[in-house]
Amino acid sequence: MKYAIGPVLWYWPTESLDAFYQKAAESSAEIIYLGEAVCSKRRATSFNQWMEMGRTLAQHGKQVVLSTLALLQSPSEVKELRRYVENGEFLLEANDIGTVNMAAERQLPFVAGPTLNVYNAQTLQLLLKEGMTRWCMPVEMSRDWLIQLLQQCDAAGVRDKFEVEVLGYGHLPLALSARCFTARSENRSKDDCQTCCINYPTGRRVLSQEGQQVFVLNGIQTMSGYCYNLGNDLAGMHNWIDIVRLSPQDESTLAEIDRFRANEAGEAPLMMARGSDSNGYWRRLAGMALEGGR
């Protein structure tokens, strides 16, 4: 089983990203995703800077994948996207069907990201024809659903034509909106947001009236309040999952990779806590549920 570090979904300054990826280069992760996947207004780190980070990581033996926006809203965003698609060096993660089309037109391979609506074998076969080489399943899909889908792919003779990746750690990206929730929380309009989300390196918490952290706001993205953690579900992934993705929360995420590796056979269980961790979607339970935790 391989491990991937997903794109940083928060808005971090370039200096923070540089520091994070310098440490990521020394981590045991085989795959590292780079790039802005949430909001086009987050321009502190340029395309050229992302490319330079990617080259440094590649020199350390990492497979680098450039992640792209999941919500495209203007011609300027499409123009910028074209630079990522035509980068000429790194594999692309498509998080929008328009990106899939752009890659297919150029006969370029791509990773189908978790924000694409892929829930059946027929859709996977269509993406394979377009050039997909890896599929990261939607975050709300359960293990049972995944196994059934992959069995259908096996019956169709295409299971061995793509890798399967699962997001196994981090606050789950649940939804995107044309509105910016972080700006609104500061009584700002989206047009005058001043990219205030950079002041919240792990998002803004949303609590219920009972004090339960139900969501985390990350600009135009709504994320799960609890940290999704499949570290104790790895033993059931063998024969089905090729890659486990960890979404960066902070630098401590890099240490989680080694904890995951140590528990692949269930011999070094991870400590999890109710009220902060969850694995519900994977186990066909409510998303905020934690089965097997304390």
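In this predicted model, helix α3 passes helix α4 in a right-handed crossing. On the α3 side, the contact is made by Val78, Leu81, Arg82 and Val85, and on the α4 side by Thr99, Met102 and Ala103. By class, the residues of this contact comprise 5 nonpolar, 1 polar and 1 charged. Helix α3 spans residues 75-85 and helix α4 spans residues 97-105; their axes come within 11 Å and cross at roughly 50°. An angle under 35 degrees would count as roughly parallel, and one of 65 to 115 as roughly perpendicular. The helices α3 and α4 are therefore oblique to each other.

Helix α3 also packs against helix α2, which covers residues 47-59. The angle between α2 and α3 is about 20°, and their axes lie 11 Å apart. That angle makes α2 roughly parallel to α3. Here, too, the crossing is right-handed, with α2 passing α3. Phe47, Asn48 and Trp50 of α2 meet Glu80, Arg83 and Tyr84 of α3 in this contact. The residues involved divide into 3 nonpolar, 1 polar and 2 charged.

The two pairs are set out below.

| Helix pair | Angle between axes | Axis distance |
|---|---|---|
| α3 and α4 | roughly 50° | within 11 Å |
| α2 and α3 | about 20° | 11 Å |

Notes. Residues numbered from 1 in each chain as written. Predicted model: local features only at pLDDT ≥ 70, side-chain atom pairs only at ≥ 80, totals over all residues. Heavy atoms only, no water. Axes fitted to C-alpha atoms, helices over the stretch in contact; angles between N-to-C directions. Helix = DSSP H or I, 4+ residues; strand = E, 2+ residues; numbered from the N terminus. Parallel < 35°, antiparallel > 145°, perpendicular 65-115°, else oblique. Left-handed = near helix turned anticlockwise from the far one by under 90°. Contact = heavy atoms within 4.5 Å. Nonpolar A, V, L, I, M, F, W, Y, C, P; charged D, E, K, R; others polar.
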